[in-house]
Amino acid sequence: MDTLCTNKAHGGTQSVYRHTSRATGTDMTFSVFLPPQAVGGAKCPIVWYLSGLTCTHANVTEKGEYRRACAELGLIFVAPDTSPRGAEVPDDEAYDFGQGAGFYVDATEEPFAANYRMYSYIVDELPALIAANFPADMARQGITGHSMGGHGALTIGLRNPDRFKSVSAFAPIVAPGQVPWGEKALGRYLGDDRAIWRRHDAVALIEDGARVPALLVDQGDADTFLSDQLKPHLLETACRDAGIALTLRMQEGYDHSYYFISTFMEDHLRWHRERLIG
């Protein structure tokens, strides 16, 4: 693991790292904020943040405005990349597929199967790396994300409820099997069998029996993707029918940008801390 940069912030350290991934067969970059408590050697809970289409680790690291709250609350904040990258990695000209758009699945279709293994990277490989190199309390993990990353946070949290004690999302793609972004990605990464897609669709997972105690979702009502790609009402219905305590907050006038995310980031971090620490 190579350290690309380290900066002091709010009494803690913000660092960016690169390592060679077995899951993706490429170098992968991620950022870690250690709060002052962790810098001092204390084991701290960890919140994973999964980014959206076209993003890297850098978007939330530079614009997410999470460090002050994490320093106060004693939370480690980890932000991975959204896909494998490199000249030899299959790509697509469209912004919503290929590099920058891994959709947090393990691809089974060629030519993507060799590299696009973001589910295994996020669930298995990167947590092992974090546990071995940082003072993280791996018994207390939460996960959140934005848009495609919100989809990733919801599906990974629902599939691994014993691992992730708290799950939230900003403007998530809640039902990728029912919207253009998801149909394109799941079809090309996983093939035509929609039954397989259901393991990577939050609404379908809940319909099929996946459970977590509670979810927090913030959604801007001025988001241009709201009606065609995000459809939070589908998650609301699924959670109501399943008895999952969903807090869905429609935020007046907010769009899909990091102005929206940064505004409500502290709320999410406090929500995670309550469930990770009490």
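Let me begin with a definition: a residue counts as buried when its relative accessible area is under 20%, as exposed when that area is over 50%, and as partly exposed in between. Glu 266, at 26% relative accessibility, therefore counts as partly exposed. Please keep in mind throughout that what we are looking at is a predicted model.

Which residue meets Glu 72 in a salt bridge at 3.7 Å, N to O? That residue is Arg 68, and since the two are four residues apart in helix H3, residues 67–73, about one helical turn separates them. Glu 72 is partly exposed at 45% relative accessibility, and Arg 68 is partly exposed with a relative accessible area of 42%. Taken together, Arg 68, Glu 72, Glu 266 and Arg 270 are linked in a network of salt bridges, and a search of the whole structure finds 16 salt bridges.

Now let us turn to the sheet. It is an open sheet of nine strands with mixed pairing, in the order S1-S2-S3-S5-S4-S6-S7-S8-S9. Strands S1 and S9 stand at the edges with a single partner strand each, so one side of each is left without a neighbour in the sheet. On average, and ignoring direction, neighbouring strands of this sheet are turned by 20° against each other.

Is strand S5, residues 76–80, largely enclosed or open? Five of its five residues are buried, so S5 is largely enclosed by the rest of the structure. In a regular strand the side chains alternate between the two faces of the sheet. Here, Ile 76, Val 78 and Pro 80 point one way from S5, whereas Phe 77 and Ala 79 point the other way. Four bridges join S5 to strand S3, and these two run antiparallel, with Ser 31 standing opposite Ala 79. Three bridges join S5 to strand S4, and here the strands run parallel, with Trp 48 having Val 78 as its bridge partner.

Thr 61 is found in helix H2, residues 57–63, and its side chain reaches the backbone oxygen of His 57 at 2.7 Å.

Finally, consider helix H10, residues 232–242, whose buried residues include Leu 234, Leu 235, Ala 238 and Cys 239. Seen down the axis of H10, the buried residues fall within an arc of 150°, so they line one face of the helix. On the other side of H10, Arg 240 and Asp 241 are exposed. Among the elements that cover the buried residues are helix H5, strand S8 and strand S9. Just after the helix, Gly 243 takes a positive phi of about 80°.

How values were computed:
Residues are numbered from 1 along each chain as its sequence is written. This is a predicted model: local features need pLDDT of at least 70, side-chain atom pairs count only at pLDDT 80 or more; totals for chains, interfaces and linings use all residues. Side-chain values use heavy atoms; hydrogens and water are left out. A polar contact is a pair of N or O atoms within 3.5 Å; within protein, one must be able to donate a hydrogen and the other to accept it, and residues adjacent in sequence count only if both atoms are side-chain atoms. Buried means under 20% relative accessible area, exposed over 50%, partly exposed in between (1.4 Å probe, protein chains only). Two strands pair if DSSP finds at least two bridges between them. The arc is that of the directions from the helix axis to the C-beta atoms. Contact means heavy atoms within 4.5 Å. Axes are lines fitted to C-alpha atoms, for helices over the stretch in contact, and angles run from 0 to 180 degrees between N-to-C directions. A salt bridge is a side-chain nitrogen of Lys or Arg within 4 Å of a carboxyl oxygen of Asp or Glu.
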